[in-house]
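Here's a quick tour for anyone meeting this structure for the first time. Take a look at the picture, then read on.

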Amino acid sequence: MQSMMTIDYKIFIVDDEETIREGITLALSDRYTLTGFADAESAIKGVTADAPDLILLDIGLPGMDGVEALGRIKEIHPDVLVIMITAYEDINSVITCMKKGAYDYIIKPIHMEGLENTIENALETIRLRKEVRALQERQLTENMPCFIGESNAIHDIMEFITMVAKSPDTPVLILGETGTGKELIASTIHYRSPNFKGPFVTVNCAAIHKELIESELFGYEKGAFSGASTTGKTGLIEAAEGGTLFLDEVGDMGLDTQAKLLRFLEEGEFYKVGSTVKRKVKTRIVSATNRDLDKMITEETFRKDLFFRLGVIKINVPSLNERREDTLILARNFMHTFAEKFGKTITGMTEEAEDRLLIYSWSGNVRELKNMMERGVLTARGEKLTVEDLGLEDVRRGEIMESGPTGFAPLPPTGIDIQEVRTAMETFYFKEALKMAKGNESKAARLLNLNHHTFRYQRKKILPDD
Ligand SMILES: Nc1ncnc2c1ncn2[C@@H]1O[C@H](COP(=O)(O)OP(=O)(O)OP(=O)(O)O)[C@@H](O)[C@H]1O
């Protein structure tokens, strides 16, 4: 999804060859603000004074070389993306730079089209980071629930939330597996709705007995049924007046209650159990379920008309396995939160621990990751969380293939073209690895258990247009 926001990106070009600095400036100055530096020392001063978004950094510089400069730049501003410029024979230095956190590299002689693509990819990463961070910072300063993630899916959901929050009368239905953050999304919608000052009330329809749910939702008059309180009761719909009623596990609601809920959604009116007095309440309804409502409609256990009414706006939340690029940012965030909560000094995770988090199959989604980080921080002995702290000793490469959504299909009676399947599989996993590693080739190579050289060689063959 393209952003409406125009951002003026600042790029430094650090190369001792004047022709390269001038050539790049000439080609790109209509789109970006470019500043050239002939050596690393002056570029570092520039970064300290006013950090750019992106740096094109030559490795073979006089004085301090690009490899050392990269380390210094990352210390001053870890978020600045750096694309290394290198002569082909310098491939060992490139590997070192990728390990030190360079975003990508380009080889001399520079082909302008390739350079522009690499820059555009880097800037897209920056744009997404900036937008999501701005939203997240606002949520934090305003003490709102914070929805974390960098994937396109999460970015789209954040945009959707902003849009939905502006129309408080529209019901929202959130679909997704358990632990994907449906309740968090519901509360984010609520807290970002400017005109809604009432409370956020949650009802877990699966936890309340089917017989009782109606009186819980709509309330009851005194003596409405045996066992009812003598004073009667206000229902949750009324309790959420001017705010949001979150119907969690709405798929577990009985058919009788579904009919009454539908009437409330259509007319904004309801009766307390045992009452003949019509009541009117303005409450936003957000519902969620991890059940297959289409199937339930076919089986006639969920009303089709209610499904359409609840889901005027539908949000599908992908599982964590489908957006693995969010794993580390979520893990690091939970790690810092729990370290602060438990008063522990934890500075990060070992590289091996992060690699295992990336290949783990998350059946419990973000909730499982959060619990794992809580346990890990609590029991950790050192300053860096290890594979053992996180209980990931048994996670092996291949686990995803065995249990994840990409499991092999059965061999059809007509047979298959194994060569074609192999090519499709390689293309799929190379793309996935690059996506998950955010374009960092060394990391992508590790995810495929290849060394960096082999990865680069095969990438050129498998993804020639990439
Ligand atoms: N993107 C996210 N950023 C930060 N925390 C998240 C995110 N997604 C989920 N969480 C956290 O993970 C936990 C589970 O999320 P939540 O309860 O919203 O999931 P759910 O989809 O409603 O689960 P269920 O279907 O089981 O009710 C919560 O503690 C929530 O704060």
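## Strands and cores

Strands β4 (residues 81–86) and β5 (residues 104–107) pair up in the parallel sense, with four bridges between them. Keep in mind that this is a predicted model. Within that pairing, Met-84 has Tyr-105 in β5 as its bridge partner. To get from β4 to β5, the chain passes through helix α4 (residues 91–99), making a right-handed β-α-β crossover.

β4 has another partner too: strand β3 (residues 54–58) runs parallel to β4, and five bridges join them. Here Asp-58 sits opposite Ile-85 of β4. Together with helix α3 (residues 66–76), β3 and β4 form a right-handed β-α-β unit.

Here are the two pairings side by side:

| Strand pair | Direction | Bridges |
|---|---|---|
| β3 and β4 | parallel | five |
| β4 and β5 | parallel | four |

So how enclosed is β4 by the rest of the structure? Largely, because five of its six residues are buried.

Now for the nonpolar cores. The largest one has 40 residues, and the members touching the most others are Ile-174, Ile-185, Ile-237 and Leu-245. Helix α6 (residues 152–165) supplies the largest share of this core, with five residues. Apart from this core there's another, of 34 residues, including Ile-59, Leu-61, Leu-70 and Met-98.

Back to Ile-237 for a moment: leaving out residues up to four places away in sequence, Ile-237 touches Leu-217, Phe-218, Leu-245, Phe-264, Phe-270, Val-281 and Thr-283.

Notes: Residues are numbered from 1 along each chain as its sequence is written. This is a predicted model: local features need pLDDT of at least 70, side-chain atom pairs count only at pLDDT 80 or more; totals for chains, interfaces and linings use all residues. A nonpolar core is a set of buried Ala, Val, Leu, Ile, Met, Phe, Trp, Tyr and Cys residues joined through C-beta atoms within 7 Å. A residue is buried if 20 or more other C-beta atoms lie within 10 Å of its own, exposed if 12 or fewer, and partly exposed in between; C-beta atoms are placed from the backbone. Helices (H or I, at least four residues) and strands (E, at least two) are DSSP runs, numbered from the N terminus. Two residues are in contact if their C-beta atoms, placed from the backbone, lie within 7 Å. Two strands pair if DSSP finds at least two bridges between them. A crossover is right-handed if, with the strands pointing away from the viewer, the path from the first strand over the helix to the second runs clockwise.
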